Amino acid sequence: MTEENLMSDQVPTCPKCNSEFAYSDGALFICPECGHEWDAQTSAESDDVIVKDAVGNLLQDGDTVTVIKDLKIKGSSQVVKIGTKVKNIRLLDHGDHNIDCKVEGIGPMKLKSEFVKKV
């Protein structure tokens with residue numbers, strides 16, 4: 001068995017980006033492509049997305065949230081007003097916008113969880 005095969009057998013792929021180039025650094029595994037760090041114990045756990053709203057409530061797919069501040073929409077003159085209720089959200093595990101949703105009167109868009117509050 002070559003050293004390359006030995007390394008790939010011991011170090012799992014990155015749970016965030018599935019990179020094969022993750023490496024071990026003491027008790028942690030590190031992905032050089034996306035920068036994700038995880039320990040050996042959590043690498044065996046499920047890859048559920050953990051997203052919290054602005055006040056720390058745990059969000060799940062299908063939740064209803066309200067917008068807590070006016071949000072300008074890039075490339076448009078429209079604004080998502082404070083208090084806008086967004087139903088049936090879907091959580092994303094990549095990028096800085098971690099909520100996928102449809103805002104009534106505006107259409108499909110992505111939001112950051114730090115600007116919403118669970119209803």
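The legends below describe an overview and two close-up views of a predicted model.

**View 1. The whole protein and its secondary structure.** The protein holds two helices and 13 strands, where helices (H or I, at least four residues) and strands (E, at least two) are DSSP runs numbered from the N terminus. Of its 119 residues, 27% are buried, a term that means under 20% relative accessible area with a 1.4 Å probe, counting protein chains only.

**View 2. Residue I99 and its surroundings.** I99 lies in strand β11, which spans residues 99-103, and I99 counts as buried because its relative accessibility is 0%. Leaving aside residues up to four places away in sequence, I99 touches several residues, among them L59, I89, L111 and V116, where contact means heavy atoms within 4.5 Å. D61 stands 38 residues from I99 in sequence, while their C-alpha atoms are 9.1 Å apart in space.

**View 3. An open sheet of three strands.** The strand order in this sheet is β9-β6-β13, with antiparallel pairing. Because β9 (85-86) and β13 (116-118) stand at the edges with a single partner strand each, one side of each is left without a neighbour in the sheet. Strand β6, residues 65-67, pairs with β9 over two bridges in the antiparallel sense, and two strands count as paired if DSSP finds at least two bridges between them. Within this pairing, T66 has K85 of β9 as its bridge partner.

**Notes on the model.** Residues are numbered from 1 along each chain as its sequence is written, and side-chain values use heavy atoms, with hydrogens and water left out. As the model is predicted, local features need pLDDT of at least 70 and side-chain atom pairs count only at pLDDT 80 or more, whereas totals for chains, interfaces and linings use all residues.

Methods. Buried < 20%, exposed > 50% of the residue type's maximum accessible area, 1.4 Å probe, protein only.
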